Amino acid sequence: MVGSHAVNGVAAIHSQILKDDLFRDFYEMFPKKFQNKTNGVTPRRWLMGCNKELAKLYTEYLQTNEWEANLEMISKLKEFATDSTFQKRWYEIKLANKRKLANWVFKETKIQLNENSLFDVMVKRIHEYKRQLMNALYIIHRYLSIKQTAPEKRKEKFVPRSVLFGGKAAPGYINAKRIIKLIGAISKVINNDPDVGDLLKVVFMPNYNVSNAETIIPASELSQHISTAGTEASGTSNMKFCLNGCLIIGTMDGANVEIAQEAGEENMFIFGARVDEIGKLKEKVFHY
Amino acid sequence: MRNSEPKDYIGESLLKVFHAITEGTFGFKDEFIALIDTVRNRNDLYLLCHDFYSYVAAQEKVIKLVS
């Protein structure tokens with residue numbers, strides 16, 4: 001820090017945490033060195049590359065492909081949000097991407113997904129702070145509720161959903177590996193329970209990497225970015241999902257905060273403790 | 001709040017989920033108990049149990065939107 005010309009965080013909230021907490025003393029000494037550079041993704045790979053049809057649709061409706069170099073231009077698509085032809089064509093592209101993913105999932109895992117179910121995706125490194133465990137526990141909660149509901153009422157109460165996990169754990173990280181094992185075990189029980197059927201399917205997709213992400217992300221409809229506030233430095237897959245017309249359920253952490261500002265909080269499912277509440281809450285938990 | 005039950009912190013729905021795991025619904029009892037023990041013994045470093053309920057509420061909003 002002493003030898004550096006500048007010091008930067010990788011999302012607005014992260015840069016603030018560096019100043020307030022992690023490097024507080026250094027910030028006192030060198031306030032002018034501290035900057036923010038929010039991480040980003042390239043639309044060349046994550047939109048024009050992985051979702052060619054959607055990119056074509058954008059170009060057609062914007063009547064120019066200049067948006068490829070100036071992404072802010074796609075905000076003009078807002079005026080077509082209620083246009084039924086646009087909606088229909090947009091949905092057909094999403095459906096084709098979902099079919100492609102369902103075929104890949106079937107090839108890899110022999111699990112058959114209903115293409116009309118909601119594709120709920122959580123792909124990222126497996127880590128306790130990212131809270132894949134919370135998602136897994138929620139799936140069990142949902143499974144128990146389905147089992148508790150009378151069979152004739154299940155169809156109206158539950159929307160068919162396919163929950164897709166992906167990601168790798170560090171080799172020595174035992175809890176992360178246990179989380180993967182739990183998801184695998186849940187998936188085996190739920191997918192083979194005739195009471196559940198299409199209402200809930202759980203898949204752990206093998207070998208999550210960039211190439212597979214290019215198939216997974218364009219097919220997603222709901223994407224989970226649910227880390228404890230203050231722990232995710234930025235996160236960039238949230239941006240990739242946004243580019244491909246996927247809704248985010250997430251906490252006010254990392255780049256989610258800036259996505260909420262840009263896309264509107266009303267277009268995101270935001271929940272959980274905010275970063276300024278975390279300290280007090282932790283104190284409460286540990287001395288409960 | 002000192003010295004009160006961790007159960008009050010965890011809450012009913014989540015206790016049911018933990019119960020399903022400890023009962024062996026998903027097999028591998030010992031390993032999965034070790035896993036949930038990382039959040040249910042006054043050691044919930046990532047506030048999973050705290051955020052769980054607002055997470056469920058957010059998921060309800062998702063269900064409302066798509067149904």
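The model is predicted. Chain B has four helices and zero strands, and its contact with chain A takes 38 residues from chain B and 36 residues from chain A. Two helix pairs are described below: α4(A) with α5(A), which are roughly antiparallel, and α6(A) with α4(B), which are oblique.

**Chain B**

- The elements of chain B run α-α-α-α from the N terminus on.
- Chain B has a radius of gyration of 14 Å, well over the 11 Å that the globule rule gives for 67 residues, so chain B is more spread out than a compact globule.
- Taken along the principal axes, the C-alpha atoms of chain B fill a box of roughly 40 × 35 × 20 Å.
- Of the 67 residues in chain B, 28% are buried.

**Contact between chain A and chain B**

- The contact draws 38 residues from chain B and 36 residues from chain A.
- On the side of chain B that touches chain A, at least two residues each come from α1 (6-10), α2 (12-23), α3 (29-40) and α4 (48-66) of chain B.
- The most is given by α4(B), which supplies 14 residues to that side of chain B.
- By class, the residues on the side of chain B that touches chain A comprise 22 nonpolar, nine polar and seven charged.

**Packing of α6(A) with α4(B)**

- The axes of α6(A) and α4(B) are 10 Å apart, and the two helices pack at an angle of about 55°.
- The crossing of α6(A) and α4(B) is right-handed.
- From α6(A), the contact involves A:Leu133, A:Met134, A:Leu137, A:Tyr138 and A:His141; from α4(B), it involves B:Leu48, B:Asp51, B:Phe52, B:Tyr55, B:Val56 and B:Gln59.
- The contact of α6(A) with α4(B) has eight nonpolar, two polar and one charged residues.

**Packing of α4(A) with α5(A)**

- Within chain A, helix α4 (residues 52-62) and helix α5 (residues 84-109) have axes that come within 10 Å and cross at roughly 165°.
- Since angles over 145 degrees count as roughly antiparallel, α4(A) and α5(A) are therefore roughly antiparallel to each other.
- The crossing of α4(A) and α5(A) is right-handed.
- On α4(A), the contact residues are A:Glu53, A:Leu54, A:Leu57 and A:Tyr61; on α5(A), they are A:Phe86, A:Arg89, A:Trp90, A:Ile93 and A:Ala96.
- This contact of α4(A) with α5(A) has seven nonpolar, no polar and two charged residues.

**Positive phi in chain A**

- Most residues other than glycine have a negative phi.
- A:Gln63, which is not a glycine, has a positive phi of about 60°.
- A:Gln63 is found in the loop between α4 and α5 of chain A, and A:Gln63 is exposed, with 8 other C-beta atoms within 10 Å.
- A:Arg131, also not a glycine, has a positive phi of about 65°.
- A:Arg131 lies in the loop between β3 (118-123) and α6 (132-148) of chain A.
- With 27 other C-beta atoms within 10 Å, A:Arg131 is buried.

Notes
Residues numbered from 1 in each chain as written. Chains lettered and ligands numbered in written order. Predicted model: local features only at pLDDT ≥ 70, side-chain atom pairs only at ≥ 80, totals over all residues. Axes fitted to C-alpha atoms, helices over the stretch in contact; angles between N-to-C directions. Parallel < 35°, antiparallel > 145°, perpendicular 65-115°, else oblique. Left-handed = near helix turned anticlockwise from the far one by under 90°. Contact = placed C-beta atoms within 7 Å. Nonpolar A, V, L, I, M, F, W, Y, C, P; charged D, E, K, R; others polar. Rg over C-alpha atoms; globule rule 2.2 N^0.38 Å. Buried ≥ 20, exposed ≤ 12 C-beta atoms within 10 Å, placed from the backbone.
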